Amino acid sequence: MASYSEETVAVPVGTTLDRFIKRRQQASPAATGELSQLLRDIALAAKIVQREVSRAGLLAITGGFGTENQHGEAQQKLDMIAHVRFLRALRNGGEVAAIVSEEEDSIVHTGNQQGKYVVAIDPLDGSSNIDVNVSIGTIFSIYRRQSPIGGPVVESDFLQGGHQQVAAGYVLYGTSTMLVYTTGQGVNGFTYDGSLGEFFLSHANLTTPVDGRIYSCNEGNLADFPTGIQHYISQCRENRFTARYIGALIADVHRNLLKGGVYLYPATRQAPNGKLRLLYECFPMAFLVEQAGGSATDGRQRLLDIPIEKLHQRSPLIIGSTSLVNAVSQLY
Ligand code: AFP
């Protein structure tokens with residue numbers, strides 16, 4: 001038989017998320033495999049949610065669920081489906097003792113009191129995009145619990161502060177589905193291949209540009225923004241920056257992460273503490289973006305330094321390329 005090169009016969013499919021997680025675990029001698037299993041559980045739930053999201057228009061799962069979450073926002077059917085899917089996967093996995101979700105007022109105990117970890121999650125971010133087939137996502141943040149293993153999880157397990165995150169990431173259900181995460185050793189992104197049912201490493205060691213020309217905010221609220229932010233937006237316009245706002249934090253941050261830019265959800269007159277939630281929106285995105293070389297602030301201080309007192313505490317968020325975030329902070 002004539003000699004041949006494997007690559008010309010069949011292009012390699014690449015590294016699966018599973019294999020990547022395993023390699024990382026093997027590189028860390030102290031690892032017990034529990035965090036690896038937890039990340040696999042998140043990936044499994046993400047695959048199931050992506051299946052539901054991709055068929056949303058065909059199934060009777062768009063529209064309102066008929067209830068409101070603790071923030072007074074109408075819950076969508078898919079919000080609740082995603083909440084249940086992630087809860088179930090984390091409960092069945094056994095590594096997670098409790099969860100805080102955007103969709104529940106209080107801590108959800110999984111029944112796994114031996115679990116070493118707690119997870120804060122926004123199961124479906126950007127839910128106003130669901131019914132119109134625009135990008136949405138899931139955000140997660142993982143902490144090692146401080147309360148004794150074997151006993152019940154307490155609120156302070158979730159209120160350790162952004163620096164204590166063991167891992168954080170997001171799943172973007174966009175033109176393709178991506179899982180992007182960090183365990184504090186850089187950021188890696190995986191793209192879902194539905195035909196194989198696997199996430200494959202597509203964005204290794206992701207770093208964000210230091211500078212950029214995209215600004216993302218709800219400019220409809222401009223008159224209610226703090227003066228410093230109004231000045232910054234005026235500068236963006238004068239400098240002919242590009243305005244891009246999808247209305248789903250993950251999608252906006254993901255684009256800016258790849259292309260360079262800044263996302264702003266500042267305090268407004270109606271929402272003096274901002275809109276976004278510290279525990280399961282701002283902290284995980286700040287950890288991840290910093291790991292990619294970017295920055296995040298509430299305008300006054302580094303976002304990860306903000307003391308957290310309540311599970312559903314809100315915060316302003318300015319996040320993205322470091323030079324742009326610094327420029328906003330100087331005007332604040
Ligand atoms: P929803 O999940 O309620 O749609 O909120 C999405 C979000 O928390 C964040 O993902 C968006 O960037 C931001 O709110 C959009 O808020 P505005 O509609 O006020 O611009």
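A: Happy to! A helix axis here is a line fitted to C-alpha atoms over the stretch in contact, and angles run from 0 to 180 degrees between N-to-C directions. Please keep in mind that this is a predicted model.

With that in hand, take helix α5 (residues 227–238) and helix α8 (residues 322–331): they pack at an angle of about 135°, and their axes are 8 Å apart. The two helices, α5 and α8, are therefore oblique to each other. Their crossing is right-handed. On the α5 side the contact is made by Gly228, Ile229, His231, Tyr232 and Gln235, and on the α8 side by Leu324, Ala327, Val328 and Leu331. Sorted by class, the residues of this contact of α5 with α8 are 6 nonpolar, 3 polar and no charged.

Now for a second pair. Helix α6 (residues 249–259) packs against helix α7 (residues 278–291) at an angle of about 15°, with axes 12 Å apart. That angle makes α6 roughly parallel to α7. The crossing of α6 and α7 is right-handed. Leu249, Ile250, Val253 and Leu257 of α6 meet Glu281, Met285, Leu288 and Val289 of α7. This contact of α6 with α7 has 7 nonpolar residues, no polar ones and 1 charged.

Leu249 also leads us to the ligand: 14 residues surround the ligand, and the closest are Asp125, Tyr245, Leu249, Tyr263 and Tyr265. An N or O atom in the side chain of Tyr263 is 2.7 Å from an oxygen atom of the ligand. For Lys275, a polar side-chain atom lies 2.8 Å from a ligand oxygen atom. Ser127 instead uses its backbone, with an N or O atom 3.0 Å from an oxygen atom of the ligand.

Terms used: Residues numbered from 1 in each chain as written. Predicted model: local features only at pLDDT ≥ 70, side-chain atom pairs only at ≥ 80, totals over all residues. Heavy atoms only, no water. Helix = DSSP H or I, 4+ residues; strand = E, 2+ residues; numbered from the N terminus. Parallel < 35°, antiparallel > 145°, perpendicular 65-115°, else oblique. Left-handed = near helix turned anticlockwise from the far one by under 90°. Contact = heavy atoms within 4.5 Å. Nonpolar A, V, L, I, M, F, W, Y, C, P; charged D, E, K, R; others polar. Near = heavy atom within 4 Å. Polar contact = N/O pair within 3.5 Å; in protein donor to acceptor, adjacent residues only side chain to side chain.
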